[in-house]
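Work through the exercises below with the sequence and the structure at hand. Try each task before reading its solution.

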Amino acid sequence: MQRYFGRIFKNMIVLDEDDKYHLLKVMRARKGEQIEVVADEKVYLSEIVSTKPLEIIAKKTLKDNSELPNYIILLAALLKGDKMDLVLQKATELGVSEVVLLTTDRTIVKIKDHQNDLKLGRYQKILKEAAQQSKRNRIPYIKNIISFDRIDEIDADLKFIAYEENKGDVSAFNKKLKNVKPGKRIAIIIGPEGGFTEGEVIYAKHHGFSPVGLGNRILRAETASIYALSVIANHLEDKNA
Ligand code: SAH
């Protein structure tokens, strides 16, 4: 069933304009059809009672929670246009809670372009669409772009920096993830195409980020984000671990 993020007043569902368009024009929804609407992180089985004008009524709440048991923060160095889009989409599918965009010593992209994407809501739209598609209960947050030296402001219980020089050492990452309790906050930093400078890694370590490896091969930055989040989600969702 199609899922949308909306708002609820009493039992009336309100959707954004682009979602109304999607529902009526793309999905060609008819009166009497049912959809799922997430409002205030709850999932409502809802019915379209009229299409002109659009009226949607919440029928009942569904016990459905696809969220990870932990709050996951991805700190991703800025990447060129479509690679950044890919990271945001895949990170959402993999359960990320928040994405923080970073400028680093080796950032080569135009920061202005990314600032515009944020200001115009383009990144927020990618996150929302991916959250709808993957049937999440929450749309991940995206904050302003920060420079690497501000990673000390990140509030997390478990902090990692994926460092290419540590590539072979995957057990440090696995060991820490194995023992993490539900509710703890986990942060991971992924570098840009050119990797991190040694100074950045020393700074990150000083602020509690453990350098970890993501396997014997050097991954592209976008693959590294996907790999790291997959490993995290897999650990957190393994009920028998
Ligand atoms: N240009 C660098 C690689 C950068 S890869 C070099 O040739 O060494 C981009 C980012 O992805 C890195 O900064 C790191 O955060 C992450 N990454 C890629 N492969 C990795 C691996 N095997 N282990 C840990 N981090 C990795």
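The exercises that follow concern a predicted model.

**Exercise 1.** Determine how helix α2 and helix α7 are oriented relative to each other, and which residues make their contact.

Solution.
- Step 1: Locate the helices; α2 spans residues 81-93 and α7 spans residues 221-237.
- Step 2: Take the geometry: the axes lie 9 Å apart and the packing angle is about 10°.
- Step 3: Angles under 35 degrees count as roughly parallel, so α2 is roughly parallel to α7.
- Step 4: List the contact residues. From α2 come Lys83, Leu86, Val87, Lys90 and Ala91; from α7 come Glu222, Ser225, Ile226 and Leu229.
- Step 5: Sort the residues of this contact by type: five are nonpolar, one is polar and three are charged.

**Exercise 2.** Find which residues of helix α3 are buried, and explain why they line one face of the helix.

Solution.
- Step 1: In α3, residues 111-119, the buried residues are His114, Asp117 and Leu118.
- Step 2: Viewed down the axis of α3, the buried residues fall within an arc of 100°, and therefore they line one face of the helix.
- Step 3: Turn to the other side of α3, where Lys112 and Lys119 are exposed.
- Step 4: Look for what covers the buried residues of α3; the cover includes α2, β8 (98-103), α4 (122-133) and β9 (141-142).
- Step 5: Go just past the end of α3, where glycine 121 has a positive phi of about 80°.

**Exercise 3.** Decide whether leucine 118 is buried or exposed, and say which residues it touches.

Solution.
- Step 1: Leucine 118 belongs to helix α3.
- Step 2: Buried means under 20% relative accessible area; leucine 118 has 10% relative accessibility, so leucine 118 counts as buried.
- Step 3: Leaving out residues up to four places away in sequence, leucine 118 touches Leu101, Tyr123, Gln124, Ile142, Lys143, Asn144 and Ile145.
- Step 4: Consider asparagine 144, which is 26 residues from leucine 118 along the chain; their C-alpha atoms are 7.5 Å apart.

**Exercise 4.** Describe how strand β4 pairs with β1 and with β5.

Solution.
- Step 1: β4 covers residues 34-39, and five of its six residues are buried.
- Step 2: With β1 (residues 3-5), β4 pairs in the parallel sense over three bridges; tyrosine 4 has valine 37 of β4 as its bridge partner.
- Step 3: With β5 (residues 42-51), β4 runs antiparallel, joined by six bridges; alanine 39 is opposite lysine 42 of β5.
- Step 4: The hairpin of β4 and β5 has two residues between the strands, and aspartate 40 in the turn takes a positive phi of about 50°.

How values were computed: Residues numbered from 1 in each chain as written. Predicted model: local features only at pLDDT ≥ 70, side-chain atom pairs only at ≥ 80, totals over all residues. Heavy atoms only, no water. Axes fitted to C-alpha atoms, helices over the stretch in contact; angles between N-to-C directions. Helix = DSSP H or I, 4+ residues; strand = E, 2+ residues; numbered from the N terminus. Parallel < 35°, antiparallel > 145°, perpendicular 65-115°, else oblique. Contact = heavy atoms within 4.5 Å. Nonpolar A, V, L, I, M, F, W, Y, C, P; charged D, E, K, R; others polar. Buried < 20%, exposed > 50% of the residue type's maximum accessible area, 1.4 Å probe, protein only. Arc of directions from axis to C-beta. Pairing = 2+ DSSP bridges.
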